[in-house]
Amino acid sequence: MMKKMLFVGMFFATLMIGPVNGAQALEENLLPLAPMGDDGLYKQSWMPETFLDLKEDFIDATNKGKMLALIWEQKGCPYCKETHLVNFRHPDMVNYIKENFVVLQMNMWGDREVTDFDGEVISEKEYAQKYGILFTPTIQFFPATREEMEGKSGPAMEAFRLPGYFKNFHLKSAFMFVKTGRYKEQNFQRYILERSAENSGASPQ
């Protein structure tokens, strides 16, 4: 029943942002579709396999001048597939992410051990429950510095969260929103309006 509710939630979340369209992936100059792993998730070569000690992963990312993000997926999720089939096949999207983020792929129903920032060792699915991950895909973005997370726990430590499937403009904008630090001063909707206005040459209202 829980999985059924999650898929229903994903459906309505997607309705809010428009239909997904795999035909977009027929454009020229797209990257090859990532292979599928034994867990039923598509595996991007630029998403590293780690011991999932999040404090260590965070330090590793910051030492490289990057930010840490977790993308949550599940086997059979049509919008996770669309993310890999469409979004992650665009070189400009992938290059921007690779240059600025360390992205770890997480399985919402997975059993791998995760060491949370607070030192608690739990499974992926327990971590998903702890952080209230309700839809797939969901991307958790963490701040640029550890100081921004001091005294906080759970979702309060996140810089930003992007739940559900989004098309290229909005997905890349989310990564830009976090990397440029705009998450500290405005909400994502306002940032999207500003970027849209810049692209159209108009002024945001």
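**Entry 1**

I began with Asp-92, which is partly exposed with a relative accessible area of 46%; buried here means under 20% relative accessible area, exposed over 50%, and partly exposed in between (1.4 Å probe, protein chains only). The model is predicted: local features need pLDDT of at least 70, side-chain atom pairs count only at pLDDT 80 or more, and totals for chains, interfaces and linings use all residues. Residues are numbered from 1 along each chain as its sequence is written, and side-chain values use heavy atoms, with hydrogens and water left out.

I then looked for the partner of Asp-92 and found a salt bridge to the side chain of Lys-172 (3.8 Å, N to O). The term requires a side-chain nitrogen of Lys or Arg within 4 Å of a carboxyl oxygen of Asp or Glu. Lys-172 belongs to helix 6 and Asp-92 to helix 4, so the pair ties together parts that are 80 residues apart in sequence. Lys-172 is partly exposed, at 22% relative accessibility.

**Entry 2: other salt bridges**

I noted 14 salt bridges by this rule. In one of them, Lys-125 meets Asp-111 with the closest N and O atoms 2.1 Å apart. Lys-125 lies in helix 5 (residues 124–130) and Asp-111 in the loop between strand 2 and strand 3 (113–115), so parts 14 residues apart in sequence are tied together. Asp-111 is exposed, with a relative accessible area of 57%, whereas Lys-125 is partly exposed at 30%.

Glu-194 counts as buried at 19% relative accessibility, and Arg-190 is partly exposed at 30%. I also recorded a network of salt bridges that links Asp-116, Asp-118, Glu-120 and Lys-130.

**Entry 3: elements and sheet**

I listed seven helices and six strands; these are DSSP runs numbered from the N terminus, helices being H or I of at least four residues and strands E of at least two. Their order from the N terminus is α-α-β-α-α-β-β-β-α-β-β-α-α.

Which strands form the open sheet, and in what order? Four strands do so in the order 2-1-5-6, with mixed pairing; two strands pair if DSSP finds at least two bridges between them. Strand 2 (101–107) and strand 6 (160–163) stand at the edges with a single partner strand each, so one side of each has no neighbour in the sheet. Strand 1 (residues 67–73) pairs with strand 2 in the parallel sense over seven bridges, and Ile-71 has Gln-105 of strand 2 as its bridge partner.

**Entry 4: cores**

I turned to the largest nonpolar core, where Phe-101, Val-103, Phe-141, Leu-162, Phe-175 and Val-178 touch the most other members of a set of 28 residues. Such a core is a set of buried Ala, Val, Leu, Ile, Met, Phe, Trp, Tyr and Cys residues joined through side-chain atoms within 4.5 Å. Helix 6 gives the most to this core, with six residues.

Leaving aside neighbours within four places in sequence, I found Phe-175 in contact with Tyr-96, Ile-97, Phe-101, Val-103, Ile-139 and Phe-141, contact meaning heavy atoms within 4.5 Å. A second, separate core of 21 residues includes Phe-58, Leu-70, Leu-104 and Met-149. Of the 205 residues of the protein, 50% count as buried.
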